[in-house]
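I opened my notebook for this one and wrote things down as I looked them up. Here are the entries, in the order I made them.

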Amino acid sequence: MKISTIIGTTLSTLTLIAMSAVAVAEVISLKEDIAIAEYQEQHHCLSMNLYHEARGDSKLGQKAVGFVTLNRVYHKNYPNTVCDVVYQARLDANGNPRRNQCQFSWFCDGRSDTPRDVSEWEEVQLVAHEVLSDYGIVEDFTENAIMYHASYVNPYWSSSYDKTVRIDNHIFYK
């Protein structure tokens with residue numbers, strides 16, 4: 001076999017290997033971009049929920065609401081993403097949420113969902129990041145609660161669950 005044939009075959013093989021490495025790197029980069037985009041979307045949904053459900057609460061109270069949201073993600077009776085949990089609702093014939101028939105009341109109460117208080121919005125975004133980072137690593141001080149309500153109401157469902165803890169103005173249940 002001629003040396004030029006061996007060199008040509010070797011170079012072709014090395015070129016294919018290099019092209020494969022570039023393709024693999026591009027796939028990895030794409031997967032990382034998708035993961036980042038997915039995290040940002042789930043983070044935004046959790047931030048919205050914390051803003052509307054717990055912005056006046058202490059950081060512990062906000063984290064508790066965040067933990068309930070994530071506990072639902074991992075519970076068999078709820079959707080399996082933060083956004084799907086947060087925006088879970090009974091829908092009308094056109095696929096729109098029915099007023100006051102959502103898991104989290106702020107979503108379908110008929111009012112704007114746009115955060116208006118910039119400093120509170122920034123705060124809950126930090127808390128949402130902490131909750132997403134800490135979940136499954138730190139102890140869940142809600143004791144795996146999947147439900148909660150404001151302390152000044154008595155919803156029909158509260159007797160169907162076990163009370164776990166009260167934090168700020170919320171009572172938590174599992």
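Predicted model: local features only at pLDDT ≥ 70, side-chain atom pairs only at ≥ 80, totals over all residues.

**Entry 1: strand pairing.** Strand β4, residues 163-167, pairs with strand β5, residues 170-173, in the antiparallel sense, and I found four bridges between them. Looking for a bridge partner of Val 165, I landed on Phe 172 in β5. The hairpin of β4 and β5 has two residues between the strands, and Asp 168 there takes a positive phi near 55°.

I then turned to strand β1 (residues 89-91) and strand β2 (residues 97-102), which are also antiparallel, over two bridges. Ala 89 stands opposite Cys 102 of β2. This hairpin has five residues between its strands, and Gly 95 in the turn shows a positive phi of about 85°.

**Entry 2: the overall layout.** I noted four helices and five strands for the protein. Along the sequence I read the pattern as α-α-α-β-β-α-β-β-β. Of the 174 residues, 33% count as buried. I also looked up contact range: among contacts with a separation of 6 or more, 57% come from residues 24 or more positions apart.

**Entry 3: the core.** Which residues have the most contacts inside the largest nonpolar core? I found Leu 50, Val 82 and Phe 172, in a core of 33 residues. The elements giving two or more residues to this core are α1 (3-54), α2 (59-73), α3 (82-86), α4 (118-134), β3 (147-150) and β5.

Leaving aside neighbours within four places in sequence, Leu 50 is in contact with Arg 55, Gln 62, Val 65, Gly 66, Val 124, Val 127 and Ala 128. Arg 55 came up again in my ring search, where it lies over the face of Tyr 51, 4.4 Å from the ring centre.

**Entry 4: helix α2.** I checked the length of α2 against expectation. At 1.5 Å a residue, its 15 residues should span 21 Å, and the end C-alpha atoms are 21 Å apart, which agrees. Is α2 largely enclosed or largely exposed? Buried means under 20% relative accessible area, and 13 of the 15 residues of α2 are buried, so the helix is largely enclosed by the rest of the structure.

Beyond neighbours within four places in sequence, Asn 71 is in contact with Tyr 135, Asp 140, Thr 142, Asn 144, Ala 145 and Ile 146. I also looked up the separation from Val 82, 11 residues along the chain: the C-alpha atoms of Asn 71 and Val 82 are 9.7 Å apart.

**Entry 5: aromatic rings.** How many aromatic pairs are there? My count came to 11. The rings of Tyr 148 and Phe 172 have centres 5.5 Å apart and planes at 40°, so I logged this pair as tilted. The pair links distant parts of the chain, with Tyr 148 in strand β3 and Phe 172 in strand β5, 24 residues apart. Tyr 148 counts as buried at 9% relative accessibility, and Phe 172 counts as buried at 0%.

Next I took Trp 157 and Tyr 173, with ring centres 5.4 Å apart and planes at 80°, so this pair is edge-to-face. Here too distant parts of the chain are linked: Trp 157 is in the loop between β3 and β4, Tyr 173 is in strand β5, and they are 16 residues apart. Trp 157 is buried at 14% relative accessibility, and Tyr 173 is buried at 7%. I also noted a cluster in which ring pairs link Phe 67, Tyr 74, Tyr 135 and Phe 141.

**Entry 6: positive phi.** Most residues other than glycine have a negative phi, so I wrote down the exceptions I came across. Glu 143 has a positive phi of about 60° although it is not a glycine. Glu 143 lies in the loop between α4 and β3 and, at 41% relative accessibility, counts as partly exposed. Asn 144, in the loop between α4 and β3, has a positive phi near 65° and is likewise a residue other than glycine.

Note on methods: Residues numbered from 1 in each chain as written. Heavy atoms only, no water. Pairing = 2+ DSSP bridges. Core = buried A, V, L, I, M, F, W, Y, C linked by side-chain atoms within 4.5 Å. Buried < 20%, exposed > 50% of the residue type's maximum accessible area, 1.4 Å probe, protein only. Contact = heavy atoms within 4.5 Å. Expected span 1.5 Å × (residues − 1). Phe/Tyr/Trp six-rings, centres within 6.5 Å; stacked < 30°, edge-to-face > 60°. Lys NZ or Arg CZ within 6 Å of the ring centre and 35° of its normal.
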